[in-house]
Every structure is written in C-alpha cells, then in structure tokens.
Amino acid sequence: QVQLVESGGGLVQTGGSLRLSCAASGRTFSDYTMGWFRLAPGQEREFVGTISWNAYQTYFADPVKGRFTISRDNAKNAVYLQMNSLKPEDTAVYYCAAVRTWPASGGYNQASSYNYWGQGTQVTVSS
C-alpha cells in the first residue's frame with residue numbers, strides 16, 4: 001500500500017517555474033514507477049511524465065517535453081516535477097501516481113496502469 005501526497009502547487013505567471021513534490025508512504029517506494037498526470041477543467045486527465053524506479057527511464061508528454069523534468073529521491077520517498085517556462089495551458093490539478101512495476105506495452109502514459117493516486121495540487125499559470 002502506498003499513500004501519496006502532492007505539494008508545491010500555486011499561482012505563477014507565464015514563463016515562471018514551479019516544483020511539485022510527491023511524498024510517498026511505504027517501505028518499498030523504490031520499487032515503484034511514479035507518474036504525473038494533470039486534469040484541467042472540461043478536459044480529460046492527461047499524462048505528463050513518468051520515471052522508473054531507478055530513474056533510468058523518464059518519459060514526457062509532447063506538450064511538456066523540454067520544459068518539465070522528473071526526479072526522485074528514493075531515500076526520502078519522494079518524486080518531483082520541475083516545471084519551467086510555464087504556459088497558461090499548463091493550468092490544471094496535478095496528480096502523482098504509483099504502480100509497483102514498469103507498465104507493460106508502453107502503458108506508462110495510461111492512467112489505468114497506476115494503482116495509487118494522490119489528492120492533487122492546483123497549478124495556475126496566469127497570462
């Protein structure tokens with residue numbers, strides 16, 4: 001069982017940066033693939049990025065490539081989403097998610113591949 005708590009959201013101007021954190025409970029955090037998703041009003045939940053248990057693999061959605069990075073600190077049971085060059089279209093509630101495997105068949109960008117979810121943190125980018 002893993003419990004996830006996001007933090008670090010807020011209001012930022014276009015072009016600004018934010019760093020989201022996701023704190024995880026559980027002794028086996030280092031076994032988990034961690035993903036970030038976002039949900040904007042009137043839209044479907046969208047994959048943002050993912051990181052493998054050992055951080056050797058990271059993948060990002062096209063809209064955030066080159067602007068967002070993901071890192072993790074297994075000793076601290078935490079994963080981070082660094083968001084730079086933010087745009088108004090990045091406005092959403094951001095969720096971290098966990099699964100205790102590397103999703104098969106390229107499913108790392110599918111919400112259904114993840115078993116555990118945080119409550120989300122709001123990110124608002126003003127124009």
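Predicted model: local features only at pLDDT ≥ 70, side-chain atom pairs only at ≥ 80, totals over all residues.

Trainee: What makes Asp31 and Arg100 a salt bridge?

Mentor: Their side chains come to 3.0 Å, N to O. The cut-off is within 4 Å, so the pair counts.

Trainee: Which parts of the chain does that pair tie together?

Mentor: Asp31 lies in the loop between β3 (18–24) and β4 (33–39). Arg100 lies in the loop between β9 (92–99) and β10 (116–117). The pair therefore ties together parts that are 69 residues apart in sequence.

Trainee: Why is Asp31 called partly exposed?

Mentor: Its relative accessibility is 34%. Buried needs under 20% and exposed over 50%, so Asp31 falls in between.

Trainee: How do you know that Asp90 and Arg67 form a salt bridge?

Mentor: The distance is 2.7 Å, N to O. That meets the limit of within 4 Å. The pair links distant parts of the chain, 23 residues apart.

Trainee: Are these two buried or exposed?

Mentor: Asp90 has a relative accessible area of 0%, and Arg67 has 10%. The cut-off is under 20%, so both values mean buried. Salt bridges with shared partners also join Arg38, Glu46, Arg67 and Asp90 into one network.

Trainee: Where does the charged end of Arg19 sit?

Mentor: Over the ring of Tyr80, 3.9 Å from its centre. The distance limit is within 6 Å. Arg45 has its charged end over the ring of Trp117, at 4.4 Å from the centre.

Key
Residues numbered from 1 in each chain as written. Heavy atoms only, no water. Lys NZ or Arg CZ within 6 Å of the ring centre and 35° of its normal. Helix = DSSP H or I, 4+ residues; strand = E, 2+ residues; numbered from the N terminus. Buried < 20%, exposed > 50% of the residue type's maximum accessible area, 1.4 Å probe, protein only.
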